[in-house]
2 protein chains.
Amino acid sequence: MKEYVAKYEDLYKIVKEMFIGIGYSDKQATAVTNSLVEADARHIHSHGTVMLPTYLGYIETTGCLKLDAPDPTVVHETPVSFVMDGHSGVGYVIAETAVKKCIKKAKESGICVAAVRYANHYGYAGHWSEMMADEGLIGITSTNTIRAVCPTRSAERFLGTNPIAVAIPTVGDEPRFLLDMATCVMAYGKICRSKVFAESGVLPDDIVVRPDGTTVTDFPEAIEVVAHGDTPDKIPVEPTGGIAPLGGTTELRSGYKGYGLAMLVELLTGGFSGGIPSKFIPYAGEGVCFFFMAIAPTVFGDPKAVLEHLKYIIEEYRKAQPISEDMPVLMPGDKERHYREEALKNGIVLSDDIVGKLRAVAQRVGKETEFEKVFTVKE
Amino acid sequence: MKEYVAKYEDLYKIVKEMFIGIGYSDKQATAVTNSLVEADARHIHSHGTVMLPTYLGYIETTGCLKLDAPDPTVVHETPVSFVMDGHSGVGYVIAETAVKKCIKKAKESGICVAAVRYANHYGYAGHWSEMMADEGLIGITSTNTIRAVCPTRSAERFLGTNPIAVAIPTVGDEPRFLLDMATCVMAYGKICRSKVFAESGVLPDDIVVRPDGTTVTDFPEAIEVVAHGDTPDKIPVEPTGGIAPLGGTTELRSGYKGYGLAMLVELLTGGFSGGIPSKFIPYAGEGVCFFFMAIAPTVFGDPKAVLEHLKYIIEEYRKAQPISEDMPVLMPGDKERHYREEALKNGIVLSDDIVGKLRAVAQRVGKETEFEKVFTVKE
């Protein structure tokens with residue numbers, strides 16, 4: 001399959017220009033481009049620049065992503081917390097505003113917890129945890145999402161993919177710990193965009209639940225189920241099926257734990273913010289709610305000693321022997337960091353499909369010449 | 001199989017007396033009995049009164065549970081946090097001391113986070129989250145444990161079962177949300193004490209990992225692997241195998257997410273407290289570390305409105321239709337609460353095996369007459 005390569009800074013520049021071309025302000029374009037290009041560099045392509053045409057669709061067809069929304073406002077605040085209303089604006093700007101405030105307050109008070117309502121898609125969750133870790137803080141975030149996942153024992157698509165991301169800084173040459181995981185058994189993008197499943201026509205069992213509650217391994221049918229019956233403004237009356245929680249659908253493999261984590265995210269986000277749950281968030285993502293927490297290492301002692309000890313623990317776990325020498329034991333975050341380093345050195349690789357979608361937007365905003373200069377075909 | 005029934009208060013009384021009989025102080029006996037009898041009432045028998053003979057073994061054979069340890073001491077404190085040293089005393093007393101302090105500080109500051117080192121087994125994690133929820137707070141806890149679980153891609157038993165428990169209070173007749181989950185695919189007790197697996201001789205695949213990294217379905221062999229090679233004071237030199245993380249061993253079913261959560265717990269507990277990781281905690285549990293967090297609903301707004309909104313979210317998810325009418329969709333905590341209500345009404349049911357083990361202790365401490373009066377054979 002054809003692939004293209006672009007330098008990080010070139011891709012960043014053209015994507016930001018394209019966002020401005022479709023009506024984003026400089027601030028909005030910067031916030032969203034920061035995240036999307038980073039996602040592509042980390043091979044998290046489901047949350048990468050491919051979202052640009054998606055957002056354009058949201059703006060034009062559903063009107064649920066408002067570029068002229070008022071700035072986010074704080075509706076409640078204490079020395080260790082705040083609740084914010086995003087007024088259905090650009091999720092990335094809302095998240096950035098909240099995270100910066102969270103960082104400031106955690107530096108003052110030791111901890112800050114924040115819940116945000118009426119926001120919009122904020123990309124890959126780890127981006128915001130890392131923004132806190134960049135300031136030397138432990139950074140936690142979560143978001144509810146469009147409805148995609150079925151609770152244990154149900155075929156109703158009531159839960160979001162509901163990621164949880166935690167970044168924990170360390171010191172010296174030990175990179176930070178970065179866990180960034182959806183609470184479902186397989187991410188939406190991993191199912192729908194898998195070449196392996198598409199070519200074989202088979203999805204592993206216990207990943208996708210049919211409307212009648214049985215699970216499906218036929219790939220085209222699974223895709224149909226996952227994409228089925230959702231409209232931007234209505235909850236389907238009948239169960240539509242969806243993705244299984246982490247652990248799958250059975251009690252035996254603890255599917256109820258993934259469901260429990262997803263339900264916890266509903267409470268942390270829509271619950272604490274006074275916002276809406278994933279159940280009521282149609283495919284375009286309007287009304288998504290965020291949760292953030294920043295913790296200063298100083299709350300646990302001398303910060304240098306705390307970070308040194310975290311480093312020690314991680315190093316002890318790095319000593320785990322791999323079963324197979326060609327499959328090294330990884331720490332959460334290692335894989336994405338490795339991809340990122342490679343991308344900074346050799347460029348970001350994008351599929352023909354993604355480049356095609358971006359090209360259509362470039363043509364529309366009159367940037368096709370600049371666009372073509374950014375990409376070379378990968379050998 | 002023969003089973004016995006005991007009234008909650010009768011079982012409580014005799015168990016507490018037996019703890020005092022083996023040398024626990026009244027305070028120590030109260031703290032441990034509170035948790036063990038509650039666990040049995042909730043059918044969490046792996047963390048119930050069966051632990052009494054286990055703890056007696058720890059005290060007598062390994063000396064790693066010290067009844068005469070100094071009181072826990074605070075080694076670092078801020079308005080929103082503290083770090084505590086448990087001096088290898090009774091885990092339940094250490095946890096109770098920490099949770100009470102956490103509650104007090106969260107009521108004053110809005111949030112309190114605490115890490116505890118050199119503690120010992122604190123029973124089922126949900127007990128401590130609920131103690132915080134009883135005071136109207138969001139209660140979070142985690143603990144590292146004896147080594148039991150293999151990281152993704154490794155057959156080394158480096159991680160604990162590392163539970164995460166979150167209790168979120170609501171209002172009115174909607175009971176609280178209570179998630180209490182080990183981060184491995186199946187709990188140690190569920191594997192070892194399963195009648196179903198023992199009778200069929202077969203364990204489902206991808207639960208237990210052999211020392212060579214393959215997975216095992218032969219039940220006797222699986223038991224041997226899970227119980228293998230551990231000594232109270234030494235880390236095995238060769239990989240011993242162990243339990244797989246939540247999601248199993250494969251990347252396809254996101255086993256790395258369970259591993260990531262387990263690793264997160266290592267950092268929250270041994271990491272933040274300056275204590276030791278599960279890797280260095282042999283079977284008797286000395287040196288286990290705890291993590292606690294209490295959050296007052298006031299940090300998110302008017303507490304009544306916050307709890308009402310949490311109730312609303314939970315009620316919306318209770319509307320999920322079950323696939324099968326005889327398998328209702330549950331909220332985390334429902335099952336245990338149902339068992340508890342039944343136990344308060346009809347008594348706590350214990351297996352012949354557990355009662356036999358308790359009887360041996362009763363005889364030893366000269367309480368056999370009182371002991372026999374507590375139990376009747378279940379019809």
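What rotation superposes chain A on chain B? A rotation of 180°, with 0.0 Å of shift along its axis, does so at an RMSD of 0.0 Å; the superposition is by least squares on the C-alpha atoms of residues with pLDDT of at least 70 in both copies. The two copies are thus related as by a two-fold rotation axis.

This is a predicted model, in which local features need pLDDT of at least 70 and side-chain atom pairs count only at pLDDT 80 or more, while totals for chains, interfaces and linings use all residues. Residues are numbered from 1 along each chain as its sequence is written, and chains are lettered from A and ligands numbered from 1 in the order in which they are written.

**Stop 1: the axis.** Select G247(A). Of the residues of chain A, G247(A) comes closest to the rotation axis, with its C-alpha at 2.4 Å. Of the interface residues of chain A, 100% are also interface residues in chain B, so the copies meet through the same surface.

**Stop 2: chain A as a whole.** Chain A has 13 helices and 13 strands, taken as DSSP runs numbered from the N terminus (helices H or I, at least four residues; strands E, at least two). Its C-alpha atoms fill a box of roughly 55 × 55 × 55 Å along the principal axes. Of the 379 residues of chain A, 60% count as buried, that is, with 20 or more other C-beta atoms within 10 Å of their own, C-beta atoms being placed from the backbone.

**Stop 3: the two domains.** Colour residues 1–62 + 352–379 of chain A as domain 1 and 66–184 + 251–300 as domain 2; the bounds come from an automatic or database domain assignment. The domain centres, taken over C-alpha atoms, are 25 Å apart. Where they touch, 15 residues of domain 1 are in contact with nine residues of domain 2 (contact: C-beta atoms, placed from the backbone, within 7 Å). Next select helix 2 (26–41) and helix 3 (51–62) of chain A, the elements that give two or more residues to the domain 1 side. The largest share of that side, eight residues, comes from helix 2 of chain A.

**Stop 4: the core.** The largest nonpolar core has 271 residues; such a core is a set of buried Ala, Val, Leu, Ile, Met, Phe, Trp, Tyr and Cys residues joined through C-beta atoms within 7 Å. I243(A), F292(A) and A294(A) are among those with the most contacts inside this core.

Notes. Contact = placed C-beta atoms within 7 Å. Buried ≥ 20, exposed ≤ 12 C-beta atoms within 10 Å, placed from the backbone.
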